[in-house]
Amino acid sequence: MDDSATSHSLLGELLMSLDRNEDARAEFMKSQELLPPDNQDIHLEASIEAGLGNVSMRQQKFEDAIPHYQRVAEILPDYTGIWFSLGFANRLLGRLDEAETYYQRALKEEATDVRIYSELTAIYMQRAETNKAQLLLENALRQYPETAYLHALLASVLAEKGDRRQAQRHLEEAERIDPESDFIPAVRQQIATTRKRV
């Protein structure tokens, strides 16, 4: 009944939530076609581009997702999660330098998103830059000392560095803050495995 860009975009979101990715893509494309040439609604345009990028990511077409995310960043730089999405797509393509740059920008926009710290830590550990990973997490904990995940992540980095005492201290702090965390047992296992290797 309402053949508008907004309606097709909303239908695209719904179809994506139902894992009907090709149908979702078709709706986002239709929505894009219905945008007027002098479109003033940058939020709608950004939403459509993000939707197309998200569909590509779900279909593991990471290269295809990037131009859509870049367009969002260009027209609406404070769009929630866009810098993280650009970082994630690039990391999955093995472009660690680009991914790091986007994640650093993401930190400026959404410093409380623990996924960003996790991703940057993974990049630094992959490059064997354990000191950089440690510094990142220590700085984060100065700002957010009651974040269990950050304590556990730092414990993981310290365990890899062989500093089991400090690793154990941060793991205990993580457990104090969030005893139900699913991540803590995995880090505890990592520390135990590291001890056996030494």
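Which handedness does the crossing of α6 and α7 have? The crossing of α6 and α7 is left-handed, a term used if the near helix is turned anticlockwise from the far one by less than a right angle, with right-handed used if clockwise.

## Basis of the model

This is a predicted model, in which local features need pLDDT of at least 70, side-chain atom pairs count only at pLDDT 80 or more, and totals for chains, interfaces and linings use all residues. Residues are numbered from 1 along each chain as its sequence is written, and side-chain values use heavy atoms, with hydrogens and water left out.

## Overall layout

The chain has 11 helices and 0 strands. Both are DSSP runs numbered from the N terminus: helices are H or I with at least four residues, strands E with at least two. In sequence order the pattern reads α-α-α-α-α-α-α-α-α-α-α. The C-alpha trace spans about 65 × 30 × 30 Å along its principal axes.

Of the 198 residues, 45% are buried. Buried means under 20% relative accessible area, exposed over 50%, and partly exposed in between (1.4 Å probe, protein chains only). Among contacts with a separation of 6 or more, 49% join residues 24 or more positions apart. Contact here means heavy atoms within 4.5 Å.

## Nonpolar cores

The largest nonpolar core holds 47 residues. Such a core is a set of buried Ala, Val, Leu, Ile, Met, Phe, Trp, Tyr and Cys residues joined through side-chain atoms within 4.5 Å. Trp83, Leu86, Tyr103, Ile116, Tyr117, Leu120 and Leu137 touch the most other members. Helix α9 (residues 148-161) gives this core its largest share, 9 residues. Apart from this core lies another, of 10 residues, including Ala5, Ala24, Ile48 and Leu52.

Take Tyr103 in more detail. Beyond its neighbours within four places in sequence, Tyr103 contacts Phe84, Gly87, Phe88, Arg91, Ile116, Glu119, Leu120 and Ile123.

## The α6/α7 pair

Helix α6 (residues 96-109) and helix α7 (residues 114-126) pack at about 150°, with axes 10 Å apart. Axes are lines fitted to C-alpha atoms, for helices over the stretch in contact, and angles run from 0 to 180 degrees between N-to-C directions. The two helices are therefore roughly antiparallel to each other. By the cut-offs, angles under 35 degrees are roughly parallel, over 145 roughly antiparallel, 65 to 115 roughly perpendicular, and the rest oblique.

From α6, the contact uses Leu96, Ala99, Glu100, Tyr103, Gln104, Ala106 and Leu107. From α7, it uses Ile116, Tyr117, Glu119, Leu120, Ile123, Tyr124 and Gln126. By class, the contact of α6 with α7 has 10 nonpolar, 2 polar and 2 charged residues. Ala, Val, Leu, Ile, Met, Phe, Trp, Tyr, Cys and Pro count as nonpolar, Asp, Glu, Lys and Arg as charged, and the others, Gly among them, as polar.

## Two further helix pairs

Helix α3 (residues 42-58) and helix α4 (residues 62-75) have axes that come within 8 Å and cross at roughly 160°. They are therefore roughly antiparallel to each other. Their crossing is left-handed. Residues of α3 in the contact include Ile42, Glu45, Leu52 and Met57, and those of α4 include Phe62, His68, Val72 and Ile75. This contact divides into 10 nonpolar, 4 polar and 4 charged residues.

Helix α8 (residues 130-143) and α9 have axes that come within 10 Å and cross at roughly 155°. These two are therefore roughly antiparallel to each other. The crossing of α8 and α9 is left-handed. In α8, Thr130, Asn131, Ala133, Gln134, Leu137, Glu138, Ala140 and Leu141 take part. They meet Leu150, His151, Leu153, Leu154, Val157, Leu158 and Lys161 in α9. The classes are 9 nonpolar, 4 polar and 2 charged.

Gln190 sits in helix α11 (residues 183-197). Gln190 is buried, with a relative accessible area of 18%.

Arg176 lies in helix α10 (residues 164-177) and, at 47% relative accessibility, counts as partly exposed. Glu33 is in helix α2 (residues 21-34) and counts as exposed at 58% relative accessibility. Glu33 and Gln189 are 156 residues apart in sequence and 52 Å apart in space, C-alpha to C-alpha.
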